Amino acid sequence: MLDDLPVTLDRAAAEPLSVQVADALRAAATGGLLRVADRLPSTRALAARLGVSRAVVAAAYDQLHAEGWIGGRRGSGTYLTAAPRSAPTRGPAAADTDAGGDLLDLSPGSPCVDAIDRAAWRRAWRAAADTAPGLFKERAGLTAYCDAVAEHLLRHRGLAAGPDSVVLATAGTSSAAGELAGAVLAPGDAVAIEDPGYLRAAGALRAAGVEPVPVPVDADGLVVERVPPGVRAVYCTPAHQFPLGARMPAARRVELVEFARRTGTFVIEDDYDGELRYDTAPLPLLAAMAPDVVVHLGTTSKILSTTLGVGWLVARPDIAEAVVAHRIRTGTAPAPAGQLVLAELAAHGDLARHLRRLRRTVPPRRALVVGALRERGVPVLGDDAGSHVVVELPTAAAERAAVAAARARGVLLDGLARHHLGAPHRFGVALGYTALPVPDLADAAAVAADCLSAVVA
């Protein structure tokens, strides 16, 4: 029962006291202070608190009842029965949202939560909740989590985290990029980054005081020979270039490692969805090839759910120590809840089973989208991997036309132009196929194919 309702009476006003009470309660309901099913104080209790006769409150309640705002339940009291849905609260960061509202959203980057075994998910959360509340922040991450990640990387990505490398928990790849910049780079240092590429990582780097510098990509990923002199690090997505979808071949990987060793830079390898390959085995990670110059980043947000909010960083000991020292200076640490859940999933084999299920679930979704596009003569870029494909378009105008046409038909497409750090020079759309239920995906893919076929060269 709500005993502290915001009702203020002005006994000098012309309005009767009962009208003032009714107005105050109506305003509380429209303003969200009262919600449907909230129980109101009894007329006697509210009258005593306001210092008025019970008849005044009873008259106010009678008026609200007549208007349909409140209703009584025999022997239970008086409850609010109607209130407008309050407007969503939006802070400054809410303007940059991943949600498409009522649109069928084909934007890339979302996990396939339909593949999650909900029983295993609930079991892991319950087990995590049995852990005693902690007193101190684990700056490097929980031991059980880091051990689970090390086992996962060894079994599924071929990366052995041994004496030459350390596994740390992170809040995700973008957060880890920002931490690396704050820990081992100086303000004003330059970091090369793919263009088009993952601009949230660029934003994290810039927020840490370093300058992301665009480097073009081709069919083999980041063009090493175009990396400008003087950069301190190179950020790239070699397993599945975001957003264009290229896989960096072995020769280009060797070239990048040799560049890093020759120039004294280090490589930040963002392996955001490296587990999602369906045609052939993935190439060895850069970190497995060259742990001396490569920092490996991974995340649970693409293979499981953004709910966990955790990822990992694998680096040589001096870099890992610098990151932990940076966290001590800034008072930060990765949140433990998601770490506990992932550790539980891994401990009981549920993580490995989930990845096997994911590799069965996602390819038919990709085939559905690719089939819809090719039926309408729309060519598709991208390996049989990850969670999105790309359709290139000849001009910025064609991209805008396709995006606008799809939106008008209820489908949200993600244009490539916005993924450039420099001036946009690659146009088209990236189509994700993991987030929507299959029936909605089929509908959205058909609309996207129609709109793209009208503007493709």
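Student: How much space lies in the second largest pocket?

Tutor: This is a predicted model, in which local features need pLDDT of at least 70, side-chain atom pairs count only at pLDDT 80 or more, and totals for chains, interfaces and linings use all residues. Residues are numbered from 1 along each chain as its sequence is written, and side-chain values use heavy atoms, with hydrogens and water left out. A pocket is an open set of points on a 1 Å grid over the protein atoms alone, where a 1.4 Å probe fits, with protein on both sides within 12 Å along at least five of seven lines. Counted as the space filled by probe spheres set on the points, the volume of the second largest pocket is about 250 Å³.

Student: Which residues are closest to the centre of the second largest pocket?

Tutor: Lining residues have an atom within 4 Å of a point, and 17 residues line this pocket. The closest to its centre are Gly134, Phe136, Glu138, Leu142 and Pro336.

Student: Is Cys236 buried or exposed?

Tutor: Buried means under 20% relative accessible area, exposed over 50%, and partly exposed in between (1.4 Å probe, protein chains only). Cys236 has 0% relative accessibility, so Cys236 counts as buried.

Student: Which residues is Leu256 in contact with, leaving aside its neighbours within four places in sequence?

Tutor: Contact means heavy atoms within 4.5 Å. With those neighbours left aside, the partners of Leu256 are Leu222, Val224, Val234, Cys236, Met248, Val267 and Leu286.

Student: How many disulfides does a search of the whole structure find?

Tutor: A disulfide is a pair of cysteine sulfur atoms within 2.5 Å. Across the whole structure, the number of disulfides found is 0.
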